[in-house]
Amino acid sequence: MSKINFDDYNFEVISVETTGSYLLTLNKNSLTFDKSIAEALGYTSHVKPLLDRENKVFAIQACKANSLKSVSFSKPASQQKGSIKMQYGAIRNILRSLMGDQWKENTRYQLKGDLISDKKAMIFELEKFEELLPFRAIKNA
């Protein structure tokens with residue numbers, strides 16, 4: 001039997017809820033927002049997708065469900081178990097076309113967000129991205 005005493009250690013609980021970074025992944029057919037973004041925006045049910053074409057910045061801003069041009073976003077905190085996937089081709093296509101030759105069609109991109117808390121918004125600078133592994137084609141068996 002071990003003589004190790006649990007109380008001799010200064011343990012802290014490791015949080016598995018967030019990554020510490022606000023991450024957006026632009027996939028081939030969708031956008032995936034890390035759960036930490038939902039948390040930072042107060043688990044808002046709806047957001048407005050925003051675009052600054054000149055500065056190549058994409059943003060989402062928390063809003064009410066009945067706001068003009070709002071889209072569904074998060075479930076309440078107790079129900080939002082993981083990341084949030086948006087399958088709005090229009091948003092994805094605009095972001096990809098805005099970046100032109102900088103982005104390859106079959107590649108995924110990850111962007112770190114910056115929280116603008118007084119505006120309840122998260123912004124993503126499109127030119128500051130990390131290229132992820134390309135999509136894998138699914139072969140029929």
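The protein has 2 helices and 8 strands. Helices (H or I, at least four residues) and strands (E, at least two) are DSSP runs, numbered from the N terminus. Along the sequence, the order is β-β-α-β-β-β-β-α-β-β. This is a predicted model, where local features need pLDDT of at least 70, side-chain atom pairs count only at pLDDT 80 or more, and totals for chains, interfaces and linings use all residues. Residues are numbered from 1 along each chain as its sequence is written, and side-chain values use heavy atoms, with hydrogens and water left out.

**Overall**

Of the 141 residues, 35% are buried. Buried means under 20% relative accessible area, exposed over 50%, and partly exposed in between (1.4 Å probe, protein chains only). The protein exposes about 9,900 Å², and carbon and sulfur atoms supply 50% of that area. Accessible areas come from the Shrake-Rupley method with a 1.4 Å probe; for residues, only the protein chains shown count as cover.

Strand 3 (residues 46-52) runs antiparallel to strand 4 (residues 57-63), joined by 7 bridges. Two strands pair if DSSP finds at least two bridges between them. Leu51 has Phe58 of strand 4 as its bridge partner.

**Salt bridges**

The structure holds 3 salt bridges. Each is a side-chain nitrogen of Lys or Arg within 4 Å of a carboxyl oxygen of Asp or Glu.

| Pair | N to O distance |
|---|---|
| Glu127 and Lys56 | 3.8 Å |
| Glu131 and Lys104 | 2.9 Å |
| Lys128 and Glu125 | 3.4 Å |

Glu127 lies in strand 8 (residues 121-134) and Lys56 in the loop between strand 3 and strand 4, so this pair ties together parts 71 residues apart in sequence. Glu131 in strand 8 and Lys104, in the loop between helix 2 (89-99) and strand 7 (107-116), are 27 residues apart. Glu131 is partly exposed, at 40% relative accessible area. Lys128 counts as exposed, at 56% relative accessibility.

**A nonpolar patch**

Ile4, Phe6, Tyr9 and Phe11 form a nonpolar surface patch, with about 510 Å² of accessible area together. Patches are made of residues with over 30% relative accessible area and no salt bridge: like charges are joined within 9 Å, nonpolar side chains (Val, Leu, Ile, Met, Phe, Trp, Tyr) within 5 Å. Tyr9 sits in the segment before strand 1 (23-26).
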